[in-house]
Amino acid sequence: MKNDCTVNNEIEVMRGEEEWQRTGAYSVRIEGMNRQHHIPLREEFDEHDGPGTKYIVLLDDGYPVATCRFYDAGEGVANAGRIVVLPEYRGRGLGAKAVREAERWAYELGFRTIGVDSRVVAVGFYEKLGFHTVSPEVYKSGPFDCKRMMKELEKEDAMLKILTSECLYGGRVVRYDGGEVPETHPTFLKWKEEGRLIPICPEVFGGLPTPRPDSQRQGDKVVACTGGDVTEEYTKGALEAVRLAKENNVAFCIMKQDSPSCGSKFIYDGTFTDTKIPGQGLAVEMLRDAGFKVFAEEDIDEAAKYLEELL
């Protein structure tokens with residue numbers, strides 16, 4: 001999943017596979033383990049750190065504050081570890097948040113069991129998350145006394161995702177006019193906090209700048225108010241929206257109404273006279289053709305009921 005940082009001091013969950021994302025995990029571990037516990041870098045960063053390992057990074061206004069990792073331990077088991085929260089952020093449930101996201105991701109990747117080498121003092125923490133101790137044996141892992149714990153992953157550990165227009169998600173200005181229209185519906189904000197939402201602006205993904213000329217659909221084409229044909233850019237962004245939806249196996253989409261990309265019920269008629277007609281944006285059209293259900297932002301209550309039926 002491609003997440004950028006948040007604003008307004010909300011905690012954002014980022015799945016890290018690319019190098020720039022992994023550095024967020026590394027920075028938390030250097031601060032919380034290497035410096036605080038005086039663990040040598042060579043011990044903190046071992047053979048399991050690298051491209052094949054998955055990292056969860058929690059961000060506060062773009063600043064990495066908590067992390068964990070997991071990797072394939074063989075025989076269908078994902079091994080979680082290096083769960084670190086910066087001292088000033090402890091006591092806020094961020095460690096549990098990171099582990100739960102690791103469980104969801106591991107389940108989505110096909111793992112059905114997840115293990116952890118828990119410090120003895122943290123056994124209670126993992127028990128609350130559903131882990132159980134597999135042996136009374138205490139062993140050393142670095143400077144810590146540890147116990148081996150395991151958990152069977154269930155379907156509910158794989159969070160159903162929702163693709164949404166980035167202007168509704170907020171945090172980055174992407175609208176053609178440079179304006180902001182973040183969605184404030186409590187259910188939408190809850191989904192955002194859970195890390196369920198995947199934001200995309202098809203127009204920006206298609207290579208268009210912000211701000212940019214107003215554009216509207218004219219049949220199969222998308223034309224800017226300046227007269228330029230931007231169908232190619234809109235098509236590229238729409239295809240990217242479909243790719244993200246498929247890659248994340250999203251349950252459905254919530255897209256911005258009236259947009260030439262994201263409108264799901266109405267769009268402007270292409271005359272630039274502020275006239276709306278029944279129709280759909282290019283990205284929504286392609287998403288629906290690919291089999292994805294699309295809701296407008298005013299239909300969030302209906303979308304919530306739909307999600308409940310899927311769970």
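Visitor: How much space lies in the largest pocket?

Guide: Rolling a probe the size of a water molecule over the atoms shows where empty space is left. Here the largest pocket holds about 860 Å³ of space, where a pocket is an open set of points on a 1 Å grid over the protein atoms alone, with protein on both sides within 12 Å along at least five of seven lines, and lining residues have an atom within 4 Å of a point. This is a predicted model, in which local features need pLDDT of at least 70 and side-chain atom pairs count only at pLDDT 80 or more, while totals for chains, interfaces and linings use all residues. Residues are numbered from 1 along each chain as its sequence is written, and side-chain values use heavy atoms, leaving out hydrogens and water.

Visitor: Which residues are the closest to the centre of the largest pocket?

Guide: Of the 39 residues that line the pocket, Met33, Arg82, Ile83, Arg119 and Tyr126 are the closest to its centre. Strand β4 gives the most to this lining, with 7 residues (strands are DSSP runs of E, at least two residues, and helices are runs of H or I, at least four).

Visitor: At what angle do helix α6 and helix α10 pack?

Guide: Two packed helices are described by the angle between their axes and the distance between the axes. Helix α6 (residues 186–194) and helix α10 (residues 300–310) pack at about 50°, with their axes 9 Å apart. That makes α6 oblique to α10, since angles under 35 degrees count as roughly parallel, over 145 as roughly antiparallel, 65 to 115 as roughly perpendicular and the rest as oblique.

Terms used
Axes fitted to C-alpha atoms, helices over the stretch in contact; angles between N-to-C directions. 1 Å grid on protein atoms, 1.4 Å probe; cavity = no way out; pocket = protein on both sides within 12 Å on 5 of 7 lines; lining within 4 Å. Points joined across faces, edges and corners; volume = space filled by probe spheres on them.
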